[in-house]
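Please look over the sequence and the structure below before reading the briefing, which takes up a helix crossing and then the sheet.

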Amino acid sequence: MVFLHDAFMAAGFEAQLIPIPPPTHDPTLSVQIYALSFKSPTRSTKEPLLLVHGHPQNSIIYRHLGPALARSSGRDIVIADTRGSGQSTAPRVRNLSQEGEGGQLPSEDALRLRYSKREVGKDLVHVMKHLGYDKFSVIGHDRGARIAHRMADDWPDAVVKVMLLDIAPTYDLISRADAQVALTFWHWFFLPQPYPFPESMVLANPSAYLNRLTSRFVALDKRVFPDDVVKTYLQQLSSPDHVHAICEDYRSSGPGGIDLEHDAEDRTAGRKVKQPVRVLWGKRGPNERLFGHDGMLELWRNVCEDVDGRAVDCGHYIPEENPEDVEREALAFF
């Protein structure tokens with residue numbers, strides 16, 4: 001992974017581990033977030049951009065887009081490994097010892113929140129404040145886009161604008177699930193299975209899991225996923241703690257998960273994202289196939305006041321398949 005981070009270092013990014021204060025409901029929790037940060041030499045007054053990755057990836061997904069935006073946007077750029085991914089801490093939820101962490105066992109409610117998009121988003125808000133940013137905009141892909149959606153809801157005074165890459169709203173994806181959705185997003189229903197079944201299955205053959213996930217719609221292209229990149233993703237999928245974190249992330253947003261409860265509360269209260277939102281999805285990706293252009297925009301207009309978007313010429317992994325298009329969109333939107 002060090003070699004892959006050379007692209008960030010050459011572009012002027014600096015890496016650091018940022019400790020996150022434990023929440024009052026989970027005082028023994030210890031989390032550090034790995035963040036890459038770039039300071040624009042123009043000293044622009046534009047708000048910085050935070051880039052958040054998806055599954056089964058980490059900050060490496062932005063190895064093209066991050067340096068490109070550092071050169072072209074005139075903004076400070078921050079790229080983070082979310083809790084449980086890459087080089088960030090991966091706290092456990094299941095199979096804790098009776099002593100727990102720090103000598104006491106966290107409550108089930110606290111454990112259930114550990115990989116909620118609300119808590120993971122709170123990590124990133126703290127990271128930005130730690131770096132000196134009270135306001136910022138977000139680009140999120142896949143799981144990172146779900147975090148970005150929750151951040152925009154929960155921190156409207158901090159999040160200025162949001163770009164979401166290739167997702168439909170979590171609540172709709174689960175509540176409208178039919179056979180086609182289940183087959184397309186099979187991992188959504190596999191990973192939330194009770195501990196330790198999915199963890200054991202992924203760890204038994206990380207390569208098979210990764211290959212099936214990344215080649216659902218297009219052949220695995222080494223120009224998009226070269227061997228060194230695949231190696232970093234397999235390292236993550238070979239780590240028991242990181243695989244456990246992945247499963248807990250999906251347990252949080254799967255049927256009966258805490259993320260759906262938070263989404264339902266927003267919808268019942270009539271709360272919508274007020275910030276401008278730009279949604280992009282792949283022409284050859286799952287959302288175009290399932291919902292189409294009008295369907296995608298309708299889903300997002302149900303939960304956002306100001307949203308527009310379009311399909312781009314690629315599959316699901318937009319920042320790796322078509323970073324040039326995302327860069328153009330970002331420069332026009334932010």
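A crossing is called left-handed if the near helix is turned anticlockwise from the far one by less than a right angle, and right-handed if clockwise. This is a predicted model, in which local features need pLDDT of at least 70 and side-chain atom pairs count only at pLDDT 80 or more, while totals for chains, interfaces and linings use all residues. Residues are numbered from 1 along each chain as its sequence is written, and side-chain values use heavy atoms, with hydrogens and water left out.

**Helix crossing**

- Helix H9 (residues 197-204) and helix H12 (residues 240-253) have axes (lines fitted to C-alpha atoms, for helices over the stretch in contact, with angles from 0 to 180 degrees between N-to-C directions) that come within 9 Å and cross at roughly 135°.
- H9 is therefore oblique to H12, given that angles under 35 degrees count as roughly parallel, over 145 as roughly antiparallel, 65 to 115 as roughly perpendicular and the rest as oblique.
- The crossing of H9 past H12 is right-handed.
- Pro198, Glu199, Val202 and Leu203 of H9 make the contact (heavy atoms within 4.5 Å) with Pro240, Val243, His244, Cys247 and Arg251 of H12.

**Sheet**

- An open sheet of mixed pairing is formed by 8 strands in the order E1-E2-E4-E3-E5-E6-E7-E8, where helices (H or I, at least four residues) and strands (E, at least two) are DSSP runs numbered from the N terminus, and two strands pair if DSSP finds at least two bridges between them.
- Strands E1 (14-20) and E8 (304-312) stand at the edges with a single partner strand each, so one side of each is left without a neighbour in the sheet.
- Strand E7 (residues 273-282) runs parallel to E8 and is joined to E8 by 8 bridges.
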